[in-house]
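Visitor: I would like to learn how to read a pocket. Where do we start?

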Amino acid sequence: MPVVSAELLLLLMPLAAVIAVVLARQQQRLADAGRENMDMRRAMQTLDAALAQVPVGLAVLDLELRYVRINRLLADINGLPAEDHIGKSIHDVIPEIAPAADIRIRQVMASGEPIVGSVFDGATPAQPHHRRVWRESLHPIFDGAGTLLGVTVIVEEITEQRRLAGALQDSQRREQRRTSELEGLMQAAPAALFLASDRECRRVKANPVAERLLRLRHGENPLADAPGGRAFAVYAGATLLALDQLPLQRAATTGEEIRGETLTVRFSDDERLHVVINAVPLRDATGEVVGAVAGFVEAPARAKAGIDA
């Protein structure tokens, strides 16, 4: 076995020290890299957990409009597993929607400014024959040096909200049409009419014929128990009727239908008006009483004679 001379050992010792230092530093860098990789993995796991919990669709796109990250909600909307999105362009995954989305995304990239709350519709592979509506927000992603890295896409499906809003508008239009028709009927009817739009008859409308016959001011509630009393009283035979005994109130509060009831309206100057009145309750779609309508005409001469007798 060769013997190393003392002189050679003296020459090799500094080199060994240098190598030891280099190896120690390399080992430290590997350890640091391992910790960084572990920290990165933990950060990515935290990000994935957060993406899974948000109640909206969320994706990160690179500068080529390829999916970098996507949560399950948006993946389900698109109709493709989340892992199958990664590395694919939006034109590959959602070809019908992609052209319009491409324009908005590139606008964000060019301006560096977000686009928030834009609404669009279309179909995805998940439901290719069903058009849906979404609200979308796009935000640019920059690194610490201000370099653009990509775009964050946030998507919320609002198909059902739009449907409900449309149904509400249709209902409001139908209600407005019915109100206009009823108003026209009230104005054109040759008989006296009253309409109570609540069960307590706090809101009662009289048509022009009723206002004229009962000496009411235009728009005056004929059943209001105002200070000083009304300008008339209502009798059934010789019995003075209280407010809750009048046909309109009875129909509104009890759901009772009143047909052909003969009453006498007595004014403050003791002039009398004999009438025959009908009253029926108004019901909503569930059958609940929500008001009443009543109409009267002057009693025939024979009926008047019977009342006066």
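Guide: Start with a term: helices (H or I, at least four residues) and strands (E, at least two) are DSSP runs, numbered from the N terminus. This is a predicted model, where local features need pLDDT of at least 70, side-chain atom pairs count only at pLDDT 80 or more, and totals for chains, interfaces and linings use all residues. Residues are numbered from 1 along each chain as its sequence is written, and side-chain values use heavy atoms, with hydrogens and water left out.

Visitor: Which element gives the largest share of the lining of the largest pocket?

Guide: The general idea comes before the case. Rolling a probe the size of a water molecule over the atoms shows where empty space is left. A pocket is an open set of points on a 1 Å grid over the protein atoms alone, where a 1.4 Å probe fits, with protein on both sides within 12 Å along at least five of seven lines; lining residues have an atom within 4 Å of a point. Here, helix 6 gives the largest share, four residues.

Visitor: Which residues line the largest pocket?

Guide: Among them are Glu175, Arg178, Leu195, Asp284 and Val293. Helix 6 (159–188), strand 6 (192–196), strand 11 (272–283) and strand 12 (289–298) each give two or more residues.

Visitor: How do strand 6 and strand 11 pair with strand 12?

Guide: Two strands pair if DSSP finds at least two bridges between them. Strand 6 runs antiparallel to strand 12, with five bridges. Strand 11 is also antiparallel to strand 12, joined by nine bridges.
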